[in-house]
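Dear colleague,

I am handing over a structure for you to look through, and below it you will find my notes on what turned up. Please keep the structure open while you read, and follow each residue as it is named.

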Amino acid sequence: MTSLIALDHLSKRYPQAAAPAVDDLSFAVEAGEIFSLLGPNGAGKSTTIAMLCGLLAPTGGDATIAGHSVVAQTMAVKRLIGVVPQEIALYPELSARQNLRFWGEMYDLGGKLLATRIEELLEQVGLRERGDDRIETYSGGMKRRINLAAGLVNRPRLLFLDEPTVGVDPQSRNHIFESVERLNREQGMTVLYTTH
């Protein structure tokens, strides 16, 4: 059986840096697993995720997602993944529903299918009643929960979470982790997340 994620000597070196950001990293993650990259700031966790998502080209090695090279088959990889970045990737002047519609349309979703998916996600993150409120009125924890929903809008096979609970209250942190565990348990979603 082929691993869902396989890193093969993946490396990233910046020309002016004394040390590589990621140095010869190899590991595999099976479908349905929750896998964590643990390390302090500067350890290369976010750089690794950026390479796996096709946002940053490696300077050495390769990785595959469901058999697709992140170097040679980037678009095939992007169709399979959802990404929840460390920074909030939402438009503050738009409502939660409008943000989720925007991200859904980026995946070529639309119509009734997208409208239904948005309502499911708002329910899942516990913010359906606040769905028409602008993001700028949300607390930090609520923004993180909508950020998670945006990463799930395309029903990804693999979800990347880069420090998903930075700066949030314990209640929101628990809600985010409970949502991730439920996705893994009920939908078999594979999750790779970074944390300190």
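A salt bridge, as the word is used here, is a side-chain nitrogen of Lys or Arg within 4 Å of a carboxyl oxygen of Asp or Glu. Please bear in mind from the start that this is a predicted model. With that definition in hand, you can look at Arg-130 and Asp-133, whose side chains meet in a salt bridge with 2.3 Å from N to O. Arg-130 has a relative accessible area of 24%, so it counts as partly exposed, and Asp-133, at 29% relative accessibility, is likewise partly exposed.

How many salt bridges does a search of the whole structure find? The search finds nine, and another of them joins the side chains of Arg-97 and Glu-119, with 2.7 Å from N to O. This pair links distant parts of the chain, since Arg-97 sits in helix α3 (residues 96–106) while Glu-119 sits in helix α4 (residues 111–124), and the two residues are 22 residues apart. Arg-97 has a relative accessible area of 15%, and because buried means under 20%, Arg-97 is counted as buried.

A further salt bridge is formed between the side chains of Arg-128 and Glu-123, at 3.6 Å from N to O, and here Arg-128 is partly exposed, with a relative accessible area of 39%. Salt bridges also link Arg-97, Glu-119, Glu-123, Arg-128 and Asp-132 in a network.

Next comes the packing of two helices. Helix α4 packs with helix α5 (residues 140–152) at an angle of about 140°, and their axes lie 10 Å apart, which means that α4 is oblique to α5. The crossing in which α4 passes α5 is right-handed. On the α4 side the contact is made by Arg-117, Leu-121, Leu-122 and Gln-124, and on the α5 side by Ile-146, Ala-149 and Leu-152. Sorted by class, the residues of this contact are five nonpolar, one polar and one charged.

If its neighbours within four places in sequence are left aside, Thr-48 is in contact with Leu-7, Val-22, Leu-25 and Leu-37.

Notes:
Residues numbered from 1 in each chain as written. Predicted model: local features only at pLDDT ≥ 70, side-chain atom pairs only at ≥ 80, totals over all residues. Heavy atoms only, no water. Helix = DSSP H or I, 4+ residues; strand = E, 2+ residues; numbered from the N terminus. Buried < 20%, exposed > 50% of the residue type's maximum accessible area, 1.4 Å probe, protein only. Axes fitted to C-alpha atoms, helices over the stretch in contact; angles between N-to-C directions. Parallel < 35°, antiparallel > 145°, perpendicular 65-115°, else oblique. Left-handed = near helix turned anticlockwise from the far one by under 90°. Contact = heavy atoms within 4.5 Å. Nonpolar A, V, L, I, M, F, W, Y, C, P; charged D, E, K, R; others polar.
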